[in-house]
Amino acid sequence: MITYCKLCLFPSSKPDLYFDSDGTCAACLSYRHRSEIDWEKRKGEFIELVSKVNKTNKTNWDCIVPVSGGKDSTAQVLKMLELGFNPLCVTATTCDLTPIGRENIQNIKNLGVDYVEFSPNPLVRRKLNRIGLEQVGDISWPEHVGIFTIPVRAAVQYNVPLIIWGENSQNEYGGPAADAANNVLTRSWLEEFGGLLGLRVSDLPASFGIRDNQILPYQYPSDDELQRVGVTGLFLGHYFPWNGHTNYMLAQANGFKSFGKVIEGSIVDYENVDNFQTGIHDYFKFLKFGFGRATDLISIHMRRGHISRDQGVALSKKHDGKFPWTYLDKNLSEILKPLQISTQEFQSICDKFTNESLFQTDSNGVLIRDESNSLIKTNYDNVD
Ligand SMILES: [Zn+2]
C-alpha cells in the first residue's frame, strides 16, 4: 500500500521526503511556512548580498543566470531585468532539444540579454543518456548534471562571481535541504540533491570508453577556481515569491510558446516543452516511486487549495505515469533511435526499475497492464 501526504498526493515512496507525525509532507510544510515570510525584508537581504558578492566583479555582467528557455527561466530573466541587472544568460542545451525549446531560447535572447549556449558533444551525451537509463534508470542523468555544472563553469570562465538560480527544488518538492541550505547552491548541494543518483562523473571514463577530456562539461570546477572568482550561487525563489503558474503567465505575455495541448504525462501544456526525452525521464520516476509529473503539478495546486483532493486523485489516475508511447507528439521509437535502444529493450529496462510493490499484479504476481501498456497503482489515495 502506498501512503500519501494528507494535504497533497506526494507518496511516502518519494526519496528523501520527510513527513511530520501528522502525515503532512515537507513540501506542504515548506509551503505553509511561506505565508510567514517577510518578502520586503528578503528583497533587502538579496540586494545587500548581491552588492557584497559583486565587490570583486570587474566584468560588464552583474550575474550569470542559468536558463533552460522554459517558463521559469524566462520569468527569472524578466525579474533580473526589472531589478536593473545586466545578466549573462547561460544555457546548457537539453539532450534532445525540441523546436519549441529552440524558439523559447531565441525569445529569451530577444528580451535583451547577452547569452551563451553550451552544447556538450552529442555523441558522448548519447552514451551518457544510455548509461544513465541502464545504470540508474534516468535517461536525463547527463542533463541534470550539466544544468548545474555548465553555468558554474561559465562563471569561472567569464569571471562573474554571482550566479542567480531559480527555485530551490528542495522547497516545492520537499527535500531535506529546504530549510538548511535554503538560499545558496554549493557543490555539496549539487552532489546531494542535484540528481546524481550515486553515479559519479569521475567513474565514467574508465568503465564506459569515454575519454577523460570528454566529461569536463559534467564536472564542477575545482575549489581553487571557485575561490579565485568567488563564485556564489543564490536561489531567486528564496528572496522573491516563486509560483510556476505565475511564471508561465509572465513568460507567455513576453513571447514564451507552449505546446498548445496537454502534454503526455502532465496536466498542462506549458512546461517541459524543450526536451523530447522528458517523457521517459518522468515515466521512470513513476516506475520507481509511484508518482510522475502530473502528481507534482496536482500536488502544487492541492497545497494551495486550488483543487480538491477528489479532483487531484481523479487527475492523477487519468494523466500520471502513462507508458510514454509519445512525448510532445514524437514517437518513443524515434526518441530512442539515437541512443540505439529498441522499444523492446526499453521495456526490459523499464521492468528492471519497476518497484512492483507499488503496482497491481495478477494472482501469479505478474504486473497488470491496461490496454495502453500502462501499469495500475495498488492505490491512488490513502486507504483506511
Ligand atoms: Zn504534501
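The questions below concern a predicted model and the reasons for the terms applied to it.

Reader: What makes Cys5, Cys8, Cys25 and Cys28 donors of the zinc ion?

Author: A donor is an N, O or S atom within 2.8 Å of the metal. The SG atoms of Cys5, Cys8, Cys25 and Cys28 lie 2.3 Å from the zinc ion, so they count as donors under that cut-off. Along the sequence these donor residues follow the spacing C-x2-C-x16-C-x2-C.

Reader: Why is the arrangement around the zinc ion called tetrahedral?

Author: Four donors count as tetrahedral if all angles lie between 85 and 135 degrees. Here the four donor atoms subtend angles of 105 to 112°, so the arrangement is tetrahedral. For reference, the ideal angle for four tetrahedral donors is 109.5 degrees.

Reader: Why is it said that cysteine 5 and cysteine 28 tie parts of the protein together?

Author: Cysteine 5 sits in the segment before helix 1 (26-34), while cysteine 28 belongs to helix 1, so the pair ties together parts 23 residues apart in sequence. Cysteine 5 and cysteine 28 are both buried, and buried means under 20% relative accessible area.

Reader: How do you know that aspartate 329 touches Phe259?

Author: Contact means heavy atoms within 4.5 Å, and Phe259, Lys261 and Glu264 are touched by aspartate 329 when residues up to four places away in sequence are not counted. Aspartate 329 itself is in the loop between strand 6 (326-327) and strand 7 (330-331).

Terms used:
Residues are numbered from 1 along each chain as its sequence is written. This is a predicted model: local features need pLDDT of at least 70, side-chain atom pairs count only at pLDDT 80 or more; totals for chains, interfaces and linings use all residues. Side-chain values use heavy atoms; hydrogens and water are left out. Donors are N, O and S atoms within 2.8 Å of the metal (3.2 Å for Na, K and Ca); water is not among the atoms, so sites may look incomplete. Four donors count as tetrahedral if all angles lie between 85 and 135 degrees; four count as square planar and six as octahedral if opposite donors are over 155 degrees apart and all others between 65 and 115; anything else is irregular. Helices (H or I, at least four residues) and strands (E, at least two) are DSSP runs, numbered from the N terminus. Buried means under 20% relative accessible area, exposed over 50%, partly exposed in between (1.4 Å probe, protein chains only).
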